[in-house]
Amino acid sequence: FLGAGEYWRKQYPAYAQALAGGGVALLYLSIFAAYAIFELIGLYPGAGLLLLISAASAGLAIRHESVSLAIMGIAGAFVAPFILSEFTQTPGDVARAGRSIQLPTYIIVVDLGVLALSTLRGWRWFTLLGLLGSLAAYGSWYDAYRETVSLLASEVTLTVIFLIFVGATTLFHLVWRRAPLYYDHSLMAFNAAAYFGISVGILWDDFRLWMGGFTLLMA
């Protein structure tokens with residue numbers, strides 16, 4: 001499918017994009033089946049291959065100038081680890097502690113890909129989906145592991161995600177000298193508001209007296 005999409009890229013661009021998207025979807029499905037159904041590969045190789053597929057999808061999106069391919073790649077990158085985790089049968093506190101580190105690292109790696117692609121192409125829906133996926137993945141992780149990870153680790157992870165999307169929503173306009181429009185400003189404001197709201201929720205019980213200073217710093 002990917003080969004056919006490349007072959008017909010110039011002659012039939014819309015058809016080629018559909019073929020390439022189908023190829024990316026089949027790659028995601030193949031890795032899922034290899035891990036979850038046939039047990040041919042482990043969790044780490046599976047996650048690594050999924051990241052490679054996401055990177056390939058981003059490259060294809062730039063080559064085809066197709067935001068739909070980019071959206072498919074980022075959606076698959078965020079959905080895949082949760083699907084894989086449902087089929088992970090490793091019990092125990094050690095495994096739980098290990099997984100508490102894996103997902104934030106995975107989210108940050110995917111977000112760095114979002115940063116790179118959003119800097120090259122000003123695809124707002126792609127950036128928005130990346131931000132929503134990051135926040136949803138972070139929320140699921142925090143809900144599952146807040147009893148086992150430190151408050152510092154939780155807030156630092158959230159801060160790194162926030163700063164990556166500060167870049168993802170601004171660098172395109174700085175590098176290419178494009179004036180941001182109202183929906184670009186909306187993305188910037190949504191990123192900041194989400195970071196502020198989640199941070200207050202996390203820090204309120206232990207650092208309530210410092211929230212005024214945090215609010216001033218955030219402003």
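Visitor: In which helix do Tyr-138 and Trp-141 lie, and how many residues apart are they?
Guide: This is a predicted model. Both residues lie in helix α6, residues 124–145. They are three residues apart, about one turn of the helix.

Visitor: Why is the aromatic pair of Tyr-138 and Trp-141 called tilted?
Guide: Their ring centres are 5.5 Å apart, and the cut-off for a pair is 6.5 Å. Stacked needs under 30 and edge-to-face over 60, so the rest count as tilted.

Visitor: What makes Tyr-138 and Trp-141 buried or exposed?
Guide: Buried means under 20% relative accessible area. Tyr-138 has 2%, so it is buried. Trp-141 has 3%, so it is buried too.

Visitor: Why is the pair of Phe-162 and Tyr-195 called stacked?
Guide: The angle between the planes is 10 degrees, with the centres 4.3 Å apart. Stacked means under 30 degrees, so the label holds. Phe-162 lies in helix α7 and Tyr-195 in helix α8, so the pair ties together parts 33 residues apart in sequence. Phe-162 and Tyr-195 also belong to one aromatic cluster with Phe-196 and Phe-214.

Visitor: How do you know that the length of helix α7 agrees with its number of residues?
Guide: At 1.5 Å a residue, its 25 residues should span 36 Å. The end C-alpha atoms are 35 Å apart, which agrees. Helix α7 does have a kink of about 35 degrees, centred on Thr-169.

Technical notes
Residues numbered from 1 in each chain as written. Predicted model: local features only at pLDDT ≥ 70, side-chain atom pairs only at ≥ 80, totals over all residues. Heavy atoms only, no water. Helix = DSSP H or I, 4+ residues; strand = E, 2+ residues; numbered from the N terminus. Expected span 1.5 Å × (residues − 1). Bend = angle between axes of the 7 residues up to and from the residue. Phe/Tyr/Trp six-rings, centres within 6.5 Å; stacked < 30°, edge-to-face > 60°. Buried < 20%, exposed > 50% of the residue type's maximum accessible area, 1.4 Å probe, protein only.
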